[in-house]
Amino acid sequence: MTTLPGDAFLLTSALDDDGDARIRITGDLDWDTADELTTAAEAFLAADPPPRRLRLDCAGMTLCDSLGLAALLMIHRGAAGTGIRFHLDNRPAALQRLLDITGTAHLFTEP
């Protein structure tokens with residue numbers, strides 16, 4: 001994918017006072033960036049003690065391609081395997097549409 005000025009991908013990570021791990025995504029979640037997100041999420045999932053929840057803030061996400069979706073599904077699987085709740089917050093319409101079309105939206109909806 002061609003990166004244009006202003007298309008920078010950025011992850012901002014923090015652990016809040018409630019014990020929730022938060023990762024803010026800015027830019028395109030795609031072939032070039034999915035591994036970076038997966039690595040950041042796996043670091044939180046492997047932490048000792050683990051976070052109560054892993055929350056991805058998707059408000060700044062500009063695109064999510066098939067590899068981006070695969071990364072989200074891998075993170076979901078890893079979180080479920082460790083008993084950590086996983087949330088996608090502030091989903092842009094395009095991301096929600098992708099989740100709906102692929103039948104995966106229910107995986108990222110609070111019970």
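Asp 65 sits in the loop that links strand S3 to helix H2. This is a predicted model. The residue is partly exposed, at a relative accessible area of 24%.

Asp 65 and Asp 28 lie 37 residues apart along the chain, yet their C-alpha atoms are separated by 8.2 Å. Beyond neighbours within four places in sequence, Asp 65 is in contact with Leu 29, Asp 30, Trp 31 and Leu 98.

## Helix H1

H1 has 12 residues. From first C-alpha to last, H1 reaches 16 Å, close to the 16 Å expected at 1.5 Å a residue.

Ala 34, Leu 37, Thr 38, Ala 40, Ala 41, Phe 44 and Leu 45 are the buried residues of H1. Viewed down the helix axis, they fall within an arc of 165°, so they line one face of H1. The face turned away from this buried side carries exposed Asp 35, Thr 39 and Ala 43. The buried residues of H1 pack against strands S1 (10-15), S2 (20-29) and S3 (53-64), and against H2.

## H1 against H2

Two packed helices are described by the angle and the distance between their axes. The axes of H1 (residues 34-45) and H2 (residues 66-82) come within 9 Å and cross at roughly 10°. H1 and H2 are therefore roughly parallel to each other.

From H1, the contact involves Ala 34, Leu 37, Thr 38, Ala 41 and Leu 45. They meet H2 residues Leu 67, Gly 68, Ala 71, Leu 72, Met 74, Ile 75, Gly 78, Ala 79 and Thr 82. By class, this contact has 10 nonpolar, four polar and no charged residues.

Terms used. Residues are numbered from 1 along each chain as its sequence is written. This is a predicted model: local features need pLDDT of at least 70, side-chain atom pairs count only at pLDDT 80 or more; totals for chains, interfaces and linings use all residues. Side-chain values use heavy atoms; hydrogens and water are left out. Axes are lines fitted to C-alpha atoms, for helices over the stretch in contact, and angles run from 0 to 180 degrees between N-to-C directions. Helices (H or I, at least four residues) and strands (E, at least two) are DSSP runs, numbered from the N terminus. Angles under 35 degrees count as roughly parallel, over 145 as roughly antiparallel, 65 to 115 as roughly perpendicular and the rest as oblique. Contact means heavy atoms within 4.5 Å. Ala, Val, Leu, Ile, Met, Phe, Trp, Tyr, Cys and Pro count as nonpolar, Asp, Glu, Lys and Arg as charged, and the others, Gly among them, as polar. The expected span of a helix is 1.5 Å times one less than its number of residues. Buried means under 20% relative accessible area, exposed over 50%, partly exposed in between (1.4 Å probe, protein chains only). The arc is that of the directions from the helix axis to the C-beta atoms.
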